[in-house]
Amino acid sequence: MYTEKVMDHFTNPRNVGEIPDADGIGEVGNAKCGDIMKMYLKIEDGVVVDVKFKTFGCGSAIASSSMATEMIKGKTIKEVLALTNKAVAEALDGLPPVKMHCSVLAEQAVKSALLDYSKRSGVAIPELEGFEPDEDVHDHEEHEE
Amino acid sequence: MYTEKVMDHFTNPRNVGEIPDADGIGEVGNAKCGDIMKMYLKIEDGVVVDVKFKTFGCGSAIASSSMATEMIKGKTIKEVLALTNKAVAEALDGLPPVKMHCSVLAEQAVKSALLDYSKRSGVAIPELEGFEPDEDVHDHEEHEE
Amino acid sequence: MKQVYMDNAATTKMKKEVLDEMMPYFTEQYGNPSSIYRVGRESKKAVEEAREKVAKALGAKAKEIYFTSGGTESDNWAVKGVAYANKDKGNHIITTVIEHHAVLHTCKYLEKQGFEVTYLGVDEHGLIDLTELEKAIKDETILISIMYANNEIGTVQPIAEIGKIAKAKGVYFHTDAVQAVGSVEIDLENSDIDMLSLSGHKIYGPKGIGALYIKQGTKIHPFIHGGSQEKNRRAGTENIAYMVGLGKAIEMATADIDGHNKEIMALRDGLIQRINDKIDYVKLNGHPEKRLPGNVNFSFEFIEGEALLLSLDMVGIAGSSGSACTSGSLDPSHVLLAIGLPHEIAHGSLRLSIGDFNSEEELDYVVDNLAEIVQRLRNMSPLYEK
Amino acid sequence: MKQVYMDNAATTKMKKEVLDEMMPYFTEQYGNPSSIYRVGRESKKAVEEAREKVAKALGAKAKEIYFTSGGTESDNWAVKGVAYANKDKGNHIITTVIEHHAVLHTCKYLEKQGFEVTYLGVDEHGLIDLTELEKAIKDETILISIMYANNEIGTVQPIAEIGKIAKAKGVYFHTDAVQAVGSVEIDLENSDIDMLSLSGHKIYGPKGIGALYIKQGTKIHPFIHGGSQEKNRRAGTENIAYMVGLGKAIEMATADIDGHNKEIMALRDGLIQRINDKIDYVKLNGHPEKRLPGNVNFSFEFIEGEALLLSLDMVGIAGSSGSACTSGSLDPSHVLLAIGLPHEIAHGSLRLSIGDFNSEEELDYVVDNLAEIVQRLRNMSPLYEK
Ligand SMILES: Cc1ncc(COP(=O)(O)O)c(C=O)c1O
Ligand SMILES: Cc1ncc(COP(=O)(O)O)c(C=O)c1O
Ligand code: FES
Ligand code: FES
């Protein structure tokens, strides 16, 4: 079902935890499954010097969080902004179609954290203008197909 | 499916054949399956001294014919008239429900032959008044259930 | 690595005795039971003997037992067959929100075909309310379909009482007993059940065989039309080997239900005890007493089920979150939501279902690993310690 | 006693290679394919590999193959599934009078549910008339269901032409290929077939497994509702062992159809020749050329089929009169009546169907015994020498 990469990141997730004095914190939830991801960024001179996450979610959500943190650590904000969920999924050697949205969660968590940083620090991030992580984030309705 | 008795009478049917100078011949057909049975009687002094049959039909029709001939040979007309299809089936240790009508064929063939004898010889057989083997004897219609 | 299979409610390993009885029908006994020659007659005999065994296990008559391709087909047949055969009388069906999808999705389909369906709710333990059931019955009601025991939380419904109500109102009563057979004494002759579904692979028989009990006189359409097999009611060349297997499996499963349950329940209660002792923020789902002897279903707060299952799998433990059928889905179990669990708690549920091959010593292995895994996942969870 | 099995059109003996591949799924590989743990994933993999094999054998895509419980279910699904899914478009179905009961009785049922069915007749060889087919299509026509090859007389229909007509008129085309698979080259990707039914036990696989090919984009309802197996289109816990068996069986059956047919046809033509030479008042039923390689169907005047079958059985020969499914019935075969045989001649018919396990030397045994039996029964018949 899952690739070895996914299982590796799921079993030994990188950068789990919190950053008490984070510069930006993003929390997103996925309307489809009710899972929640929280991302903490430490940013110095426009560079992500540290990142941690906490995830309540499925295996691929955890693996996606872990992979995303690895992919953005040490990167500039610009570079981080370029991170797409597709890139995360590819870095994991792919996700099952029904699990692609878990990688979206990771992308959104990162962007949310950057937005928070922008708000707190006053550093404008024009690319995030209009960005809103899925609106019905906490809509936990069941939806029978 | 069939009892040993049925299989015995089917494999080694008794009294197969024709009686060229028969005193009574009965031929009946079964509307349900299109099978045909022909019964020849030789009657002397009110006693069936010889009997033969020919049957175009299933295993239990052949066995029923054979058994019926055995059961009436040497019997008086009165005794023969008492022969029921149930008795034939019982003598065969039973027939499958769907095959009970094959024994009816045997009973009717015997009665038809007696009727023929009565007509030819002028010997009245009051018990057969009104007897008519199944009317639509040659109705070969298919009947989808 | 140690392998501990704790998903016996999803499917069971076939027993050797069952397979042994099936084997001849995979080799020399291949005749078509509809044929009149020897090898066909022998197949026919095997089928009828298997039917006798199923009937005997349930206190039914052999002619009331029809073989199907599984519990799902049995459920489809019962519900659709009665619905279409009785639509002149009415178009209303009553079922519950916690049925297996085999009944639920069939009902949803029938709704699109013009039938009306009432889905009864359940209480926090998964029990229906008999008064509510009675109230739901109306003139147009033609069928009540309520499962004997739930596959996820193990709750056993008051089947006798439901039957009485159905009978009093002249409504057909179907019960999905796929999970109940072998765990609950069933005596159909002295019951008000009109139809009952069962499945082979839940009782150490093969997967892809089941049966539907249809009480004599029940008005029901065939579901699969064709040849005259199964007395013209279920067409298709007979799966002789599996029928024989089901016969053997149900014979074994019902030989000593009480004794068997005692053993399984000892394991179950031990497992529940240990989990309660060792892990905090947990909740046992389902009814404390009216539950299947092998069913353990816990919610672990702050974590998600799939992550839990994957982690257990990595140490060789096979469990399930809700029903196996929903594992492709993102929604939490409809059963857990129906008993009132909030979405995120329903999400963090684990079913461990104990079967005949489980042993006392496996439980320690499970609980030790489970405790560790739960802690690890909680440490990753943004909801924990909040 | 010598045993000669000549009823391979009714069912076949499973090949050893097929059983061997199935065995692990009866023992250690018992996981539910819907589960995410190891033993479940392995089952899932086995199912998908089997699906690939079926797809490859038919020139289809794996995702167009759905496993069912047999040919009968496949036929029911195709016909009912399309009927109900397209009833907004129309309510008219076209089929033939010589279909298997799995299609015929399904159509009869649908007639009672408000559908209209045209049953095309056939000529003396069992072939439909394409012009008649074209004329029968009207605006309300939603489905044409015509069998690839007939099970009783072996006649193979002009499937490509039928497909073209169906496509031109925008009508779905289903074909029951239960008897054709393994005997006819089938390349679904380059065909106008929208649905195709097949069955395992006719090709040396297990009884109780089949498949329905559904071309992508076909509008069809699920037939068995429930869990999300088979991409939500055919619910029920998977019969993994049989799926694997079907995969292997179809792979073997289609590995070298031409070479295989040559062998079987040599036997068949030898048998036909010998019967014609040795027995008088006989008539070969079915098409002289367009027939299945293993099908021999003769009428023997003046005698009745069951008596013939019983007598053959007593010398160890297994044959059939018409289809196995009608053996409980008193009516002669609907197929033989449809090709114009009078009732009493249809009644005296015998199908000997040759399979992979038959040998040249068995034929002598069959013909010698047959000649003797026919004579014996004729001597008992009031119709003979009339
Ligand atoms: C309660 C219940 N009903 C029906 C089914 C379906 O049975 P099967 O898997 O044999 O189709 C199951 C199991 O899957 C079940 O647990
Ligand atoms: C042409 C045809 N269609 C359908 C079927 C039914 O297939 P199954 O026996 O797998 O249900 C058969 C055989 O019985 C057949 O010969
Ligand atoms: S299923 Fe919810 S994030 Fe993966
Ligand atoms: S079936 Fe015709 S007489 Fe037996």
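The questions below move from the chain contacts to the ligands and then to charged pairs.

Guide: This is a predicted model, in which local features need pLDDT of at least 70 and side-chain atom pairs count only at pLDDT 80 or more, while totals for chains, interfaces and linings use all residues. Residues are numbered from 1 along each chain as its sequence is written, chains are lettered from A and ligands numbered from 1 in the order in which they are written, and side-chain values use heavy atoms, with hydrogens and water left out.

Visitor: Which chains have the most contacts between them?

Guide: Contact here means heavy atoms within 4.5 Å. Chain A and chain B are joined by no contact, their closest C-alpha atoms lying 41 Å apart. Five pairs of chains do touch, and among these the most contacts are between chains C and D.

Visitor: How much area do chain D and chain C bury between them?

Guide: The contact draws 66 residues from chain D and 66 residues from chain C. In chain D, the residues that lose the most area to chain C are D:Tyr30, D:Tyr37 and D:His225, together 14% of what that side buries. Buried area is the accessible area (1.4 Å probe) that two parts lose on being put together, summed over both, and 57% of it here is on carbon and sulfur atoms, out of a total of about 5,300 Å².

Visitor: How many salt bridges are there between chain D and chain C?

Guide: A salt bridge is a side-chain nitrogen of Lys or Arg within 4 Å of a carboxyl oxygen of Asp or Glu. C:Lys13 forms one with D:Glu28, where the closest N and O atoms are 2.8 Å apart. The count between chain D and chain C is four salt bridges.

Visitor: Where does ligand 1 lie?

Guide: Ligand 1 is surrounded by 15 residues, near meaning that a heavy atom of the residue lies within 4 Å of the molecule. The closest are C:Thr72, C:Asp176, C:Ser199, C:Lys202 and D:Thr237. Ligand 1 therefore has a place between two chains, C and D.

Visitor: Which side chain has an N or O atom 2.5 Å from an oxygen atom of ligand 1?

Guide: A polar contact is a pair of N or O atoms within 3.5 Å; within protein, one must be able to donate a hydrogen and the other to accept it, and residues adjacent in sequence count only if both atoms are side-chain atoms. A nitrogen atom of ligand 1 is 2.6 Å from an N or O atom in the side chain of C:Asp176, and a polar side-chain atom of C:Gln179 lies 2.8 Å from an oxygen atom of the ligand. The 2.5 Å distance belongs to the side chain of D:Thr237.

Visitor: What share of the area of ligand 2 does the protein bury?

Guide: Ligand 2 also lies between chains C and D, and an oxygen atom of ligand 2 is 2.8 Å from an N or O atom in the side chain of D:Gln179. A polar side-chain atom of D:His201 lies 2.9 Å from an oxygen atom of ligand 2, and for the side chain of D:Lys202 the distance is 2.9 Å. Taken alone, ligand 2 exposes 380 Å² (Shrake-Rupley method, 1.4 Å probe), of which the protein buries 97%.
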